[in-house]
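This report describes the fold and the packing of a single protein chain. The sequence and the structure are shown first, and the description follows.

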Amino acid sequence: MKLVIQIPCHNEAKTLPSTLAAIPRQIDGIDSVEILVIDDGSTDGTSEVARAHNVNHLIRFRGQRGLARGFKAGIDAALRAGADVIVNTDGDNQYDGTAIPRLIAPILAAEADITIGDRDPGTLSHFSVGKRFLQRLGSWTMRRLSGTTVADSTSGFRAYSREAALRINVVSEFSYTLETLIQAGKRRLQIVDVPIRARHTERPSRLAASTSRYVAQATGAMARAYTMYQPLRVFLTIGAFFLVAAVALGVRFLVLSALREGAGGNLQSLILAAILSIVGFQVVVLGVLADLLASNRTLTEEVLYLLRRADAEKSARLLAARATSVDSDADAPAGHVRGDRA
């Protein structure tokens, strides 16, 4: 059983050593622990720090691509490295690495596909009152959209089983935390919360320059992800709004016409009702078309899952073969040269 701990970083040279030092290298139920650092275009020597601490894998982007792309690249690399369980944590030392055994325990016990470290953000003293309220509101909204019971929807301290990681597809360029929760909920993956302790960090957010901008981007990400998986419900709701307004205006026209014994002064209501009816009908039709596209997307995602699984299995076999080759070379007589190297 192999555990790969991925750490997306952007200019985390100062805090990365502390993050790495807290990660346990021996965990019950795990045969090997490997660390993967994703350097998202850092300019402070983060990659050099990672190399100096002998991390097992390092991915380095030439420029900053964002947290979502870094997370996706890490998941793909971890799967190719043969990971059975993948933990995602931050390089700013916000999350306590010693909690990793508790975080992965439900996955090892086959009780969860995904576990999320619950910081209980509504009570964190280093969060402002407004931020605590927004965290509660955001998690409540996410529970309604995803159909899950997750308590801390924006926590980046998470663990994925191999199967769950293969099923996750990140489309957003903003953040993976919200989109992957909606995907997991719609795919009926089992999610378990694990209480953890979160430290205060001085580093500014990598996602947005201000709270208002973060809220706007997060709202857009949630709306987009939910629409991808529930397009018919979304468009029917919007279409119903226009149709109900059209009916209300139509009834108003009829009532006023009957009371005044003439329709001369109420034609505007009738015209607006006709326009709203046309718009509502078109939105409903768009919903039906979007639902058909969603069915096609489901088939595409299944094909992608099979391709990713095959690629990960092939990479794992190659790694195992290389490890066997190295062991054989170590036991061979001096001067022995293997002839199967590409």
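## An enclosed helix

Helix α7 (residues 176–186) is largely enclosed by the rest of the structure, because ten of its eleven residues are buried. Buried here means under 20% relative accessible area, exposed means over 50%, and partly exposed lies in between, with a 1.4 Å probe and protein chains only. Helices (H or I, at least four residues) and strands (E, at least two) are DSSP runs, numbered from the N terminus. The buried residues of α7 are Y176, T177, L178, E179, T180, L181, I182, Q183, A184 and G185. Just after α7, R188 adopts a positive phi of about 60°.

## Basis of the model

The model is predicted: local features need pLDDT of at least 70 and side-chain atom pairs count only at pLDDT 80 or more, whereas totals for chains, interfaces and linings use all residues. Residues are numbered from 1 along each chain as its sequence is written, and side-chain values use heavy atoms, with hydrogens and water left out.

## Overall composition

The chain contains ten helices and seven strands. Of its 342 residues, 45% are buried. Contact means heavy atoms within 4.5 Å; among contacts with a separation of 6 or more, 72% join residues 24 or more positions apart.

## Strand β6 and its partners

Strand β6 (residues 158–161) is covered on both faces, with R158 and Y160 buried on one side and A159 and S161 buried on the other. Two strands pair if DSSP finds at least two bridges between them. Strand β4 (residues 85–88) pairs with β6 in the antiparallel sense over four bridges, and V87 stands opposite A159. Strand β5 (residues 114–118) also pairs with β6 in the antiparallel sense, over three bridges; here I114 is opposite Y160.

## Nonpolar cores

A nonpolar core is a set of buried Ala, Val, Leu, Ile, Met, Phe, Trp, Tyr and Cys residues joined through side-chain atoms within 4.5 Å. The largest has 41 residues, and F71, L79, I86, I114, Y160 and I182 have the most contacts inside it. A second, separate core of 28 residues includes C9, I23, Y95 and V194.

Leaving aside residues up to four places away in sequence, L79 touches I86, R162, A165, L166, R308 and A312.

## Aromatic pairs and charges over rings

Rings of Phe, Tyr and Trp (its six-membered ring) pair if their centres lie within 6.5 Å; planes under 30 degrees apart count as stacked, over 60 as edge-to-face and the rest as tilted. This rule gives four aromatic pairs. F71 and Y176 are stacked, because their ring centres are 3.9 Å apart and their planes are at 5°. F71 belongs to helix α3 (residues 67–80) and Y176 to helix α7, so the pair ties together parts that are 105 residues apart in sequence. F71 is buried at a relative accessible area of 1%, and Y176 is buried with a value of 1%. Ring pairs link F71, Y160 and Y176 into a cluster.

F241 and F242 form an edge-to-face pair, 5.7 Å centre to centre with 80° between the planes. F241 is exposed at 59% relative accessibility, while F242 is partly exposed at 23%.

A charge sits over a ring if NZ of Lys or CZ of Arg is within 6 Å of the ring centre and within 35 degrees of the ring normal. R65 lies over the face of F61, 4.4 Å from the ring centre, and the charged end of R167 sits over the ring of Y305, 3.7 Å from its centre.
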